[in-house]
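Please load the model in a viewer and keep the selection panel at hand.

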Amino acid sequence: MPFDPNQPRLIRCLDLDSPVNTVAWSPDGRLLATADDARRVTVFTREGRRLWQAAGHEQRVWSVAWSPDGRWLLATTSAASGFDVIAIDLAGHGESQRFIDSPADDLNAEFSPDGRWVAYQSRRSGQFEVWVTPGPGAPAPGAAGPGDQEVRVSAGGGTRPVWTQNGRELRSE
C-alpha cells in the first residue's frame, strides 16, 4: 500500500547511525531515500528494510529527489569545491555520475513532473539563481549530454525551486 499523507500511520523506525539531512518518498510511496552526514544515499522499503546504499561521496549528502518514474535519484553533495548534484541510476544498479558540476555551488535539484527537466539553484552568476537543464537519461536535442544545455530562468535571485503540478512553471524562494 503506497504512503497516503491523509491516512498517517506509524512506520518502523529506521536503524540509522548518522544524522539524516533529508528524506524523500518515491513517487509510488513504496521506498524512502535518505541523505546523511556519513556521505551516503540510502533507499529503504516502507517496512524499514535497507534496500540499497551508495556510499563514498566526498562529504555530506544534503538532499535527494526522485524522478517521477522512480528510476533516478538526484543528490546534492558537498565537496572541497562546493556543492554539486549527482544522478544515481537505480535501474543501472545504483551507478552514480556527476550531473551538475560547476565551480559554483549547485544544489536543491528537482525533477519536472514529466521527468524531462531538472531545476536547481546555482551561484554561478554571483548570487543564487534558478537554472534548468535536461534530466538525466534524456539530453535535449543537440546537447552533448546531461548538464550541457543549462539555462538560467530567474532574475534577481532564486533558491529552492519547485515545479508546479503541470510542469509549466517554477516557484522559488
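In what order do the elements of the protein run from the N terminus on? They run β-β-β-β-β-β-β-β-β-β-β-β-β-β. The protein has 14 strands and zero helices, where strands (E, at least two residues) and helices (H or I, at least four residues) are DSSP runs numbered from the N terminus.

This is a predicted model, in which local features need pLDDT of at least 70 and side-chain atom pairs count only at pLDDT 80 or more, while totals for chains, interfaces and linings use all residues. Residues are numbered from 1 along each chain as its sequence is written, and side-chain values use heavy atoms, with hydrogens and water left out.

**Whole chain**

Colour the chain by relative accessible area. Of the 173 residues in the protein, 46% are buried; buried means under 20% relative accessible area, exposed over 50%, and partly exposed in between, with a 1.4 Å probe and protein chains only. Contacts, defined by heavy atoms within 4.5 Å, can be displayed next. Among those in the protein with a separation of 6 or more, 34% join residues 24 or more positions apart.

**Strands β5 and β6**

Select β5 (61-66) and β6 (72-79). These strands run antiparallel and are joined by five bridges; two strands count as paired if DSSP finds at least two bridges between them. Val 61 has Thr 77 in β6 as its bridge partner. The two strands form a hairpin with five residues between them, and Gly 70 in the turn has a positive phi of about 80°. Is β5 enclosed or open to the outside? Five of its six residues are buried, so β5 is largely enclosed by the rest of the structure.

**The nonpolar cores**

Show the side chains of Val 41, Trp 52, Val 64 and Leu 73, which have the most contacts inside the largest nonpolar core, a group of 14 residues. Such a core is a set of buried Ala, Val, Leu, Ile, Met, Phe, Trp, Tyr and Cys residues joined through side-chain atoms within 4.5 Å. At least two residues of this core come from each of β2 (31-36), β3 (41-45), β4 (50-54), β5, β6 and β7 (82-89). With three residues, β5 gives the most to it.

Centre the view on Leu 73. Leaving aside residues up to four places away in sequence, Leu 73 touches Ala 33, Val 41, Val 43, Trp 52, Ala 65, Trp 66, Ile 86, Ala 87, Ile 88 and Leu 90. Another core, of 11 residues, lies apart from the largest one, and includes Phe 99, Ile 100, Ala 109 and Trp 131.

**Two loop residues**

Select Glu 58, in the loop between β4 and β5. Its relative accessibility is 48%, so Glu 58 counts as partly exposed. Which residues does Glu 58 touch, not counting residues up to four places away in sequence? They are Arg 39, Ser 78, Ala 79, Ala 80 and Arg 98. The C-alpha atoms of Glu 58 and Ala 79 are separated by 5.6 Å, although these residues are 21 apart along the chain.

Move on to Arg 39, in the loop between β2 and β3. Arg 39 is not a glycine, yet it has a positive phi of about 65°. Its relative accessible area is 40%, and Arg 39 is therefore partly exposed.

**The open sheet**

Display the four strands that form an open sheet in the order β9-β10-β11-β12, with antiparallel pairing. The edges are β9 and β12 (151-152), each with a single partner strand, so one side of each is left without a neighbour in the sheet. Strands β10 (residues 117-122) and β11 (residues 129-134) pair over six bridges in the antiparallel sense, and Ser 122 has Glu 129 in β11 as its bridge partner.

Within β9, pick Asn 108. Asn 108 is a residue other than glycine with a positive phi, near 55°, and it is buried, with a relative accessible area of 16%.

On a 1 Å grid over the protein atoms alone, a pocket is an open set of points where a 1.4 Å probe fits, with protein on both sides within 12 Å along at least five of seven lines; lining residues have an atom within 4 Å of a point.

Of the 17 lining residues, Trp 25, Ala 65, Trp 66, Glu 110 and Phe 111 are the closest to the centre of the pocket. At least two lining residues come from each of β1 (20-25), β5, β9 (106-111) and β13 (162-163); the largest share, four residues, is from β1. By class, the lining has 12 nonpolar, four polar and one charged residues, where Ala, Val, Leu, Ile, Met, Phe, Trp, Tyr, Cys and Pro count as nonpolar, Asp, Glu, Lys and Arg as charged, and the others, Gly among them, as polar.
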